Amino acid sequence: MVLSIGSNVGDRLGWLQSVVDGLGRAVVSVSPVYETQAWGGVEQGPFLNAVVLADDPATDAHGWLRRAHELEDAAQRVREQRWGPRTLDVDLVTCRDAGAEVTVADEQLTLPHPYAHVRAFVLVPWLAVDPDATLGLAGAERTVGELLEAVDPAERAGVRRTELTLHAGNGR
């Protein structure tokens, strides 16, 4: 599972770390932490963003969605305004089962994430943690590097790596 995490309210790094801690042994690796301006046109403070690669064979796509919502709820996430400020945002980007990308399109979940391919704040950290990553788009696998090249250069430049780090204490 590829999870994109972000926070722009309160202890931003602490909220991101709460995801890594909450996923525990399922965490495979964690990207560097990046700072980006908010996306979506709502006036608000900058986000800290990262990508977490996780694996738990006992958890299907909807189970990952439940875990994401539980982590957001634990961070007192409030959904008052679309693309508004939030303590924690945990988005499922893509999921693989036996090496094949899982596709889901129902009322609760769409996988792969319908906007991941155009969001530099997802692609930059994802590429940093998995340089060989691919994403299904319109029925074809594309490398994350190719997708990132197609994103507006100004948006790519707005994703700035920080010196902050997230720590996985999972023993992997």
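I began with charged pairs and found that the side chains of glutamate 141 and arginine 96 meet in a salt bridge, at 3.3 Å from N to O (a salt bridge is a side-chain nitrogen of Lys or Arg within 4 Å of a carboxyl oxygen of Asp or Glu). Glutamate 141 lies in strand 11 (residues 140-143) and arginine 96 in strand 6 (residues 96-97), so this pair ties together parts that are 45 residues apart in sequence. I took helices (H or I, at least four residues) and strands (E, at least two) as DSSP runs, numbered from the N terminus.

I noted that this is a predicted model, in which local features need pLDDT of at least 70 and side-chain atom pairs count only at pLDDT 80 or more, while totals for chains, interfaces and linings use all residues. Residues are numbered from 1 along each chain as its sequence is written, and side-chain values use heavy atoms, with hydrogens and water left out.

Next I looked up accessibility, where buried means under 20% relative accessible area, exposed over 50%, and partly exposed in between (1.4 Å probe, protein chains only). Glutamate 141 counts as partly exposed at 46%, and arginine 96 also counts as partly exposed, at 33%.

I then searched the whole structure and found six salt bridges. Aspartate 89 and arginine 86 form one of these, at 3.5 Å from N to O, and both of these residues are buried. I also saw that Arg12, Glu35 and Arg160 are linked in a network of salt bridges.

Arginine 67 pairs with aspartate 56, and the closest N and O atoms of this salt bridge are 3.2 Å apart. Arginine 67 lies in helix 2 and aspartate 56 in the loop between strand 4 and helix 2, so the pair ties together parts that are eleven residues apart in sequence. Aspartate 56 is partly exposed, with a relative accessible area of 23%, whereas Arg67 is listed among the buried residues of helix 2.

Last, I followed leucine 71, which is found in helix 2 and is buried, with a relative accessible area of 14%. Leaving aside its neighbours within four places in sequence, leucine 71 is in contact with Ser18, Val19, Gly22, Leu23, Leu88 and Val90, where contact means heavy atoms within 4.5 Å.
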